Amino acid sequence: MIQVTYTSVATGKIGSADVFKIVEASAKNNAVNGLSGFLIFTGGRFFQLLEGPEAAVDALLAKLAKDSRHASLEVLTRAPVEERLFTKWKMKRLALTRHQPSIIHDVPEFRRASQSVKNALDGFLNPALSLSA
């Protein structure tokens, strides 16, 4: 099993209803393909964590690279994992509050996340901080 995080930039105006449709379709497709994870959309940017069989993750990444709704897809982390962090989430949307940095502490599943995943998410949520590091 493998776990991947990536970011991308929306190519057009994407609203909350659009993100809901993406998550809904992803959850259905991921259930069939043995994938799980979450999606964050904020400020015209996506962050997604995917986990599951390597072939299924790679097939989805290839499909996402061709999706016209976003561009500049960049894989941030890729690592084999023994077990899923997000076993119940075929695809979950994590909505951000005004206290974005706390998401790592507020979602219990992140307690077991690798430091590289935490760093990737932190860099996404706090781009000014990651540029100065």
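**Group meeting: a first look at the model**

The secondary structure of this protein comes to 5 helices and 5 strands; helices (H or I, at least four residues) and strands (E, at least two) are DSSP runs, numbered from the N terminus. This is a predicted model, in which local features need pLDDT of at least 70 and side-chain atom pairs count only at pLDDT 80 or more, while totals for chains, interfaces and linings use all residues. Residues are numbered from 1 along each chain as its sequence is written, and side-chain values use heavy atoms, with hydrogens and water left out.

Along the sequence, the pattern reads β-α-β-β-α-β-β-α-α-α. Of the 133 residues in the protein, 41% are buried; buried means under 20% relative accessible area, exposed over 50%, and partly exposed in between (1.4 Å probe, protein chains only). Among the contacts with a separation of 6 or more, 75% are between residues 24 or more positions apart, where contact means heavy atoms within 4.5 Å.

Now to helix 1. Helix 1 covers residues 16–33, and its 18 residues, at 1.5 Å each, should span 26 Å; the end C-alpha atoms are 25 Å apart, which agrees. The expected span is 1.5 Å times one less than the number of residues. The buried residues of helix 1 are V19, I22, V23, S26 and N30. An α-helix has 3.6 residues a turn, so residues three or four places apart point the same way. The buried residues of helix 1 pack against strand 2 (36–42), strand 3 (45–52), helix 2 (54–65) and strand 5 (92–93). Just after the helix, G34 has a positive phi of about 75°.

Next, a pair of serines. S8 lies in strand 1, residues 2–10. S8 has a relative accessible area of 2%, so it counts as buried. Its side chain makes a polar contact with the side chain of H70, at 2.6 Å. A polar contact is a pair of N or O atoms within 3.5 Å; within protein, one must be able to donate a hydrogen and the other to accept it, and residues adjacent in sequence count only if both atoms are side-chain atoms. Beyond its neighbours within four places in sequence, S8 touches G44, R45, F46, H70, A71, S72 and L73.

S72 is in strand 4. With 57% relative accessibility, S72 is exposed. Its phi is near 55°, a positive value in a residue other than glycine. Most residues other than glycine have a negative phi.

Last, the pockets. On a 1 Å grid over the protein atoms alone, a pocket is an open set of points where a 1.4 Å probe fits, with protein on both sides within 12 Å along at least five of seven lines; lining residues have an atom within 4 Å of a point. The largest pocket has a volume of about 410 Å³, the volume being the space filled by probe spheres set on the points, which are joined across faces, edges and corners. Of its 20 lining residues, I22, S26, L60, L64 and R69 are the closest to its centre. Helix 1 gives the largest share of that lining, 7 residues.

The second largest pocket holds about 170 Å³ of space. It is lined by 12 residues, with T7, R45, E74, L76 and F124 nearest its centre. Strand 1, strand 4 (70–80), helix 4 (115–125) and helix 5 (127–132) each supply at least two residues of this lining.
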